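Here are my notes for your review. Please read them with the model open.

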Amino acid sequence: MNKPTIKKEWVQPLLTTKFLNVYDLHPNNERSYFDASRRTRDNLVAIKSDEEFKTMLPDAVSIVLILVIDEEEKLLLTHEYRYATGQTLLSVPAGLIDSDDLLKENPLFETAIREVHEETGLVFQEGDEISVVNPLLFSTPGMSDESNAIVKIKLHTPNLSSIRFDLAQGGEIFEDFSILSKQEAKQILNSGVDENGIFYSVYTWIGLATFLLDM
């Protein structure tokens, strides 16, 4: 079976806002299929060629942030209010790749280092480690082309006194942090909820698993 064809001229914009757009893709120029996207119509994932698809950058970066404290590795997670759920969710630090990041040699690393500082106050320094766990993952491809890279940062001499959650920008609301040992992370991963009994996102699950498996 041949996959449907989606051409730019068949894509109908339905809603355009600063951070989110909704399109009717019209596969094969016949039926409707709705797509929520952060992208402009010219940059939609659905209209990319196979080669463009294989080399594209994600919308955002999610960070597995590991702190080395007294020679023990611990995972730092945030508690961030997420409007779509109406709940404060246990989360990994994360943020969109911006236009300045795209000009740098490694946009994923630039975004990750910047977002860690903006969301936690911690600073990446010489001797710390950064690596890509996965270059692009789709969050909910049944309804959106939203995507994130997974980047791991390990801070060897974190200044814990600099941790703060009052640096939020725009509508971001951070309430607290959790710094988890591997045993604590395993408990949250196994239970499927945080210490308050609240469900969390798939990227938090990935962060917990990456930390525990040392991926």
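Which residues are linked in a network of salt bridges?

1. The network joins Asp98, Asp101, Arg114, Glu115 and Glu118. Bear in mind that this is a predicted model. The salt-bridge count comes to 13.

2. One link involves arginine 114 and glutamate 118. Their closest N and O atoms are 3.7 Å apart. Both residues sit in helix α3, four residues apart, or about one turn of the helix.

3. Helix α3 covers residues 107-120. Its 14 residues should span 20 Å at 1.5 Å a residue, and the end C-alpha atoms are 20 Å apart, so the two values agree. Buried residues of α3 include Leu108, Ala112 and Val116, but also Glu115, Glu118 and Glu119. Glycine 121 follows the helix, with a positive phi near 85°.

4. Lysine 154 and glutamate 73 form a salt bridge, with 2.7 Å between the closest N and O atoms. Lysine 154 belongs to strand β9 (residues 147-155) and glutamate 73 to strand β5 (residues 72-82), so this pair ties together parts 81 residues apart in sequence. Lysine 154 counts as buried because its relative accessibility is 12%, and buried means under 20%. Glutamate 73, at 23% relative accessibility, counts as partly exposed.

5. Glutamate 51 and lysine 54 also meet through their side chains, in a salt bridge of 3.9 Å, N to O. They are three residues apart in helix α1 (residues 50-55), so about one helical turn separates them. Glutamate 51 and lysine 54 are both exposed.

Key. Residues numbered from 1 in each chain as written. Predicted model: local features only at pLDDT ≥ 70, side-chain atom pairs only at ≥ 80, totals over all residues. Heavy atoms only, no water. Helix = DSSP H or I, 4+ residues; strand = E, 2+ residues; numbered from the N terminus. Expected span 1.5 Å × (residues − 1). Buried < 20%, exposed > 50% of the residue type's maximum accessible area, 1.4 Å probe, protein only. Salt bridge = Lys/Arg side-chain N within 4 Å of Asp/Glu carboxyl O.
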